[in-house]
Amino acid sequence: MRHPLDIIAMFAALWLLASMVLDALTPKELTAVMIGIAIGPAIVITAVFYYLRCPRLDFAVMFAALWLISDIAIAFISRAPLPHFLIALGFMPALLIGIVLHWQRFQRRHERLTVPSVKRG
């Protein structure tokens, strides 16, 4: 069972870790506090969906969307332009989830194909 205090501790640790890592990767004008404020709502929303036991695929898509929104928020509050690899890093979860979804669709294509009927005449 997922205890709410365990979820709070886990996502608080992830929030702090993400803030500190992004602080090390971003320009010096951005502080860990500014980054933490920018990604905080996304972490809270992700924790709520985790607590509600959202289906895995829906959770992954939601996480990718919130990660991209957080990346945009960080770029919005930054005075200096962000490095290009940080912008690409914002798109990586969405890209990976899109690849996985298309791969699963490709693997299941034989289930969707119908067997052609034989016309007897």
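The legends below describe close-up views of a predicted model.

**View 1. Helices α1 and α2 pack against each other.**
Two packed helices are described by the angle between their axes and the distance between the axes. For α1 (residues 4-25) and α2 (32-51), the axes come within 9 Å and cross at roughly 150°. An angle over 145 degrees counts as roughly antiparallel, and α1 is therefore roughly antiparallel to α2. The crossing of this pair is right-handed. On the α1 side, the residues in contact are Pro4, Ile7, Met10, Phe11, Trp15, Ala18, Ser19, Leu22 and Asp23. On the α2 side, they are Ala32, Ile35, Gly36, Ile39, Gly40, Ile43, Thr46, Ala47, Tyr50 and Tyr51. Sorted by class, this contact between α1 and α2 contains 14 nonpolar residues, four polar ones and one charged one.

**View 2. Helices α2 and α3 pack at an angle of about 165°.**
The axes of α2 and α3 are 9 Å apart. At that angle, the two helices are roughly antiparallel to each other. Their crossing is right-handed. From α2, the contact takes in Met34, Ile35, Ala38, Ile39, Ala42, Ile45, Thr46, Phe49 and Tyr50. From α3, it takes in Phe59, Met62, Phe63, Leu66, Ser70, Ala73, Ile74 and Ile77. By class, the contact of α2 with α3 has 15 nonpolar and two polar residues, and no charged residues. Among the α2 residues here, Ile35, Ile39, Thr46 and Tyr50 also belong to the contact with α1.

**View 3. Helices α3 and α4 pack with their axes 8 Å apart.**
The angle between α3 (56-77) and α4 (84-107) is about 160°. These two helices are therefore roughly antiparallel to each other. Is their crossing left-handed or right-handed? α3 passes α4 in a left-handed crossing. In α3, the contact residues are Leu57, Ala60, Val61, Phe63, Ala64, Trp67, Leu68 and Asp71. In α4, they are Leu86, Ile87, Leu89, Gly90, Phe91, Pro93, Ala94, Ile97 and Leu101. The contact of α3 with α4 is made up of 15 nonpolar residues, one polar and one charged. Phe63 takes part in this contact and also in that of α3 with α2.

**View 4. The largest cavity has a volume of about 80 Å³.**
The structure holds two cavities of 30 Å³ or more. Which residues line the largest cavity? Its lining consists of Leu22, Ile39, Trp67, Ser70, Asp71, Ile74, Leu82, Leu86, Leu89 and Gly90. The elements giving two or more residues to this lining are α3 and α4. The most comes from α3, with four residues. By class, the lining of the largest cavity divides into seven nonpolar, two polar and one charged.

The residues lining the second largest cavity are Ala18, Ile39, Ala42, Ile43, Thr46, Phe63, Leu66, Trp67 and Ser70. Here the elements that give two or more residues are α2 and α3. The lining has seven nonpolar residues, two polar residues and no charged residues.

**View 5. Arg53 is found in the loop between α2 and α3.**
The point to look at is the backbone angle phi. Most residues other than glycine have a negative phi. Phi of Arg53 is near 55°, a positive value in a residue other than glycine.

**View 6. Ala80 is found in the loop between α3 and α4.**
Which residues does Ala80 contact, leaving aside its neighbours within four places in sequence? Ala80 is in contact with Pro27 and Glu29. Ala80 and Thr26 are 54 residues apart along the chain, and their C-alpha atoms are separated by 9.3 Å.

Definitions and conventions. Residues are numbered from 1 along each chain as its sequence is written. This is a predicted model: local features need pLDDT of at least 70, side-chain atom pairs count only at pLDDT 80 or more; totals for chains, interfaces and linings use all residues. Side-chain values use heavy atoms; hydrogens and water are left out. Contact means heavy atoms within 4.5 Å. Axes are lines fitted to C-alpha atoms, for helices over the stretch in contact, and angles run from 0 to 180 degrees between N-to-C directions. Angles under 35 degrees count as roughly parallel, over 145 as roughly antiparallel, 65 to 115 as roughly perpendicular and the rest as oblique. A crossing is left-handed if the near helix is turned anticlockwise from the far one by less than a right angle, and right-handed if clockwise. Ala, Val, Leu, Ile, Met, Phe, Trp, Tyr, Cys and Pro count as nonpolar, Asp, Glu, Lys and Arg as charged, and the others, Gly among them, as polar. On a 1 Å grid over the protein atoms alone, a cavity is a set of points where a 1.4 Å probe fits but cannot get out, and a pocket is an open set with protein on both sides within 12 Å along at least five of seven lines; lining residues have an atom within 4 Å of a point. Grid points are joined across faces, edges and corners, and a volume is the space filled by probe spheres set on the points.
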